[in-house]
Structure formats: structure tokens, C-alpha cells
Amino acid sequence: MTGTGSTTPGVIRPMRNRDSEFFWEGTAAGELRVQRCNGCGALRFPPGPSCPQCHSFDQSYVVAAGTGTVFSYVVHRHPPVPGKELPIVLALIDLDEGVRMVGEVADVSAEEIAIGMRLRVDFHRIDDDLTLPTWRKA
Ligand SMILES: [Zn+2]
């Protein structure tokens, strides 16, 4: 590790913009935040500028419980990913709040991962600028 404020080389960094900044501020604070429409109350992921249900631009967020169920998954064995050991287990996770997000599952092997498995979010701090949500067996 180098000095504060530096970014870790070799890590694929997610896109950040005005719509998703609250999400990344949340992971840095240990919160899994889900965008909420103030017009109709719908939750949505990924975040966007307007509500697909009612087209309102008025939005806030809720802090999710951080638990969910595997809807589907892939095991990435190839090609190599910078900064990662393969295989990587990636899951589509249905949060208990009703939105679906993709996430990396840690400490669950390619043989063990299963649809319907209960997961709990954890936060992996990469550096000052990036904390990634990772998922573990609940
Ligand atoms: Zn809405």
C-alpha cells in the first residue's frame, strides 16, 4: 500500500457518475444504497436519472439490509482479469428489497455456488476512492 489518496493499479474501476455517486459513497461508508423514486416510491438498480415507472427525476435512496438470494450466476475462468485470482464467482442477486444487482461472491467456490443460496453483503476497501461490495454466504 502506498500513501493516502493514491489509486490501486491493476484494478478495474467501476463507472462513476452523478447518478451512481451515492452508491459508491455508500459502500465507502459500509452501506448498500438503493435508489428510491420520491415520485412513486419505486426502488431501482442500477441507478439512473429518472424513474422508469413514473418518469420522476426526484430521487433519494434507502439503505438495503444487505441480504439477498442468488437468482443466477456465472463462474469466470478465462480470460484473466487484472488484479484478480480466477475463477471468480459472479452472481445476480435478488435483494430482499426487491431489486437485482450483480456482484462478486467471495469465499464460495465454483462448485458450491447455487441458485437460491442466501448471501450477505460485505465491503472490500480497495483504496481511498473505491470500496467494492462483495457477497458472502449468509
Ligand atoms: Zn417513480
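Reader: Is Cys-37 buried or exposed?
Author: This is a predicted model. A residue counts as buried when its relative accessible area is under 20%. Cys-37 has 0% relative accessibility, so Cys-37 is buried.

Reader: Which protein atoms are the donors of the zinc ion?
Author: The donors lie 2.3 Å from the zinc ion. Along the chain they follow the spacing C-x2-C-x10-C-x2-C. They are the SG atoms of Cys-37, Cys-40, Cys-51 and Cys-54.

Reader: What is the arrangement of the four donor atoms around the zinc ion?
Author: Look at the angles. Four donors count as tetrahedral if all angles lie between 85 and 135 degrees. Here the angles are 101 to 114°, so the arrangement is tetrahedral.

Reader: How many residues apart in sequence are the parts that Cys-37 and Cys-54 tie together?
Author: Cys-37 lies in strand β1, residues 33-37. Cys-54 lies in the loop between β2 (43-44) and β3 (59-63). Cys-54 is partly exposed, with a relative accessible area of 33%. The pair therefore ties together parts separated by 17 residues.

Reader: Which strands are the edge strands of the sheet?
Author: The sheet is open and has three strands, with antiparallel pairing, in the order β2-β1-β3. An edge strand here pairs on one side only. The edge strands are β2 and β3.

Reader: Which residue in β3 is the bridge partner of Arg-33?
Author: β1 and β3 run antiparallel and are joined by five bridges. The partner of Arg-33 in β3 is Val-63.

Reader: At about what angle does helix α1 run to β1?
Author: Helix α1 spans residues 21-28. It lies across β1 and β3. Its angle to β1 is about 145°.

Terms used. Residues are numbered from 1 along each chain as its sequence is written. This is a predicted model: local features need pLDDT of at least 70, side-chain atom pairs count only at pLDDT 80 or more; totals for chains, interfaces and linings use all residues. Side-chain values use heavy atoms; hydrogens and water are left out. Donors are N, O and S atoms within 2.8 Å of the metal (3.2 Å for Na, K and Ca); water is not among the atoms, so sites may look incomplete. Four donors count as tetrahedral if all angles lie between 85 and 135 degrees; four count as square planar and six as octahedral if opposite donors are over 155 degrees apart and all others between 65 and 115; anything else is irregular. Helices (H or I, at least four residues) and strands (E, at least two) are DSSP runs, numbered from the N terminus. Buried means under 20% relative accessible area, exposed over 50%, partly exposed in between (1.4 Å probe, protein chains only). Two strands pair if DSSP finds at least two bridges between them. Contact means heavy atoms within 4.5 Å. Axes are lines fitted to C-alpha atoms, for helices over the stretch in contact, and angles run from 0 to 180 degrees between N-to-C directions.
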